Amino acid sequence: EAIDKSAYGSSKISQWGVADRQLTNAEMRISFFVMFVFGIICVYQYMMVTSILPQIVESFGTDMSNGGMMMSVFSIIGIIIAYPCTFAMHKIGVKITLVATGVLSVLGTLICIYAGDFSILLVGRTLQGCGFCLMSVIGPNVVPRLFPSNRVGTGMGIFAVWFPIGLMIANLSVPQLFAVGGWTIPFWTSAVAQIILVILIITLFKLPLVPESMLAMEGHGEARKISKGKLYFGAALVVGFTFIGFEIAYYSYNDFYPTFLQGQGLSIAAAALPATVGALLNIPCGIAAGVIVDKFKCAKILTIASFLVIAACFITITWMGEYNAALMWVSAILLAVIPWSVIPVTLRVLIPSLCPDTKKCDWALTGMTVGTTLGGFGAGFFPAIVAAMGTYHMAACVIAIVPIAMAVVFFFIPSDRKLWAERNAE
């Protein structure tokens with residue numbers, strides 16, 4: 001009897017890597033771990049140029065105005081290919097799209113290494129950007145396929161820390177690697193790591209016969225398919241795009257708060273400390289948020305509370321006119337522990353809860369990838385708002401309107417606790 005793998009597409013190529021059964025816990029963890037480490041290396045490729053950008057620019061005989069393109073191409077590519085990536089994932093399958101992501105990343109890195117002029121270097125960075133964007137789409141969409149519904153929060157909580165881990169590895173290792181042999185050494189390091197991980201993906205990455213998000217646990221633990229009759233696809237799309245509001249606030253803080261602190265008399269190193277400490281706190285707190293959401297089914301409540309914490313901090317203690325070390329650290333820790341850690345997890349848990357149909361869920365989760373790019377673009381206007389309003393504090397009060405609006409939107413989104421009760425009642 002033929003095994004039905006149609007949940008992943010009708011063609012043989014789209015079913016590559018799909019097992020003939022549900023995965024064991026060990027197989028699920030191996031598949032997730034390989035994909036997770038692969039994602040960390042994609043982040044490493046994205047961020048590895050930040051600490052050596054002046055040296056790269058100098059080696060190509062250009063200036064920093066052009067050097068900024070080495071980062072901005074990632075945002076541009078993110079807007080262009082996010083939804084085509086989801087379409088490709090549905091047509092040719094998850095695993096082959098994941099492998100193609102690695103191939104693009106390696107090819108882009110090699111082009112950067114052997115680039116004879118800066119324009120060729122940007123071509124390589126564009127291909128690296130394709131790899132990063134593809135991974136930012138694929139990763140969150142794979143988690144609901146691998147993890148049972150009652151553990152998606154944990155999976156999303158772990159996956160959500162791929163960026164801070166990759167960022168920290170880049171910040172810690174790139175200066176040392178550069179000292180060994182110049183700017184190409186970090187590029188070679190990432191290329192070798194990506195090649196190894198592509199091989200591991202080909203050999204070890206698997207998907208369950210039926211995506212786990214389409215199964216519900218009932219009775220004595222038997223798994224059954226969830227009815228597709230009660231899907232909140234429209235609400236899932238809205239939730240995905242609310243990430244724009246989160247990213248506007250997040251990038252406004254992380255990109256411009258150090259500048260604000262330098263204006264208060266802090267050194268460059270001291271001004272960067274709140275964001276650095278925040279990134280460190282994001283790792284355990286993001287994972288903890290996922291575990292809490294799984295246990296208490298409180299993603300909606302935590303999301304509303306987190307958006308309100310952003311607004312409250314921005315309006316009150318974060319951007320006040322006179323420097324106060326105590327308030328600076330209270331603000332930094334509050335923002336890092338609650339909204340910066342919680343919202344990327346809770347949104348990724350709510351979306352598959354609202355829409356267990358994996359293919360529809362993919363489109364909603366992709367909205368978060370687009371939201372990341374558009375939010376970063378929107379935050380770029382923060383200095384202009386400062387100039388128009390006269391002070392950082394007044395500009396922050398304007399930005400605070402965005403998370404307040406997002407909190408209001410979430411009052412009309414079905415709660416995950418209600419959704420869980422509906423699934424169990426079917």
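## Confidence of the model

For the protein chain, mean pLDDT is 90, with 96% of residues at 70 or more.

The model is predicted: local features need pLDDT of at least 70 and side-chain atom pairs count only at pLDDT 80 or more, while totals for chains, interfaces and linings use all residues. Residues are numbered from 1 along each chain as its sequence is written, and side-chain values use heavy atoms, leaving out hydrogens and water.

## Packing of H4 and H5

Helix H4 (residues 69-92) packs against helix H5 (residues 94-113) at an angle of about 130°, and their axes lie 7 Å apart. Helices here are DSSP runs of H or I with at least four residues, numbered from the N terminus; axes are lines fitted to C-alpha atoms over the stretch in contact, and angles run from 0 to 180 degrees between N-to-C directions.

From H4, Cys85, Ala88, Met89 and Ile92 meet Val94, Ile96 and Thr97 of H5.

## Gln45

Gln45 belongs to helix H1 (residues 25-47). Its relative accessible area is 0%, so Gln45 is buried (under 20%, with a 1.4 Å probe and protein chains only). Beyond four places in sequence, Gln45 contacts residues including Phe74, Arg125 and Gln194.

How values were computed: Helices (H or I, at least four residues) and strands (E, at least two) are DSSP runs, numbered from the N terminus. Contact means heavy atoms within 4.5 Å. pLDDT is the predictor's confidence in each residue, from 0 to 100. Buried means under 20% relative accessible area, exposed over 50%, partly exposed in between (1.4 Å probe, protein chains only).
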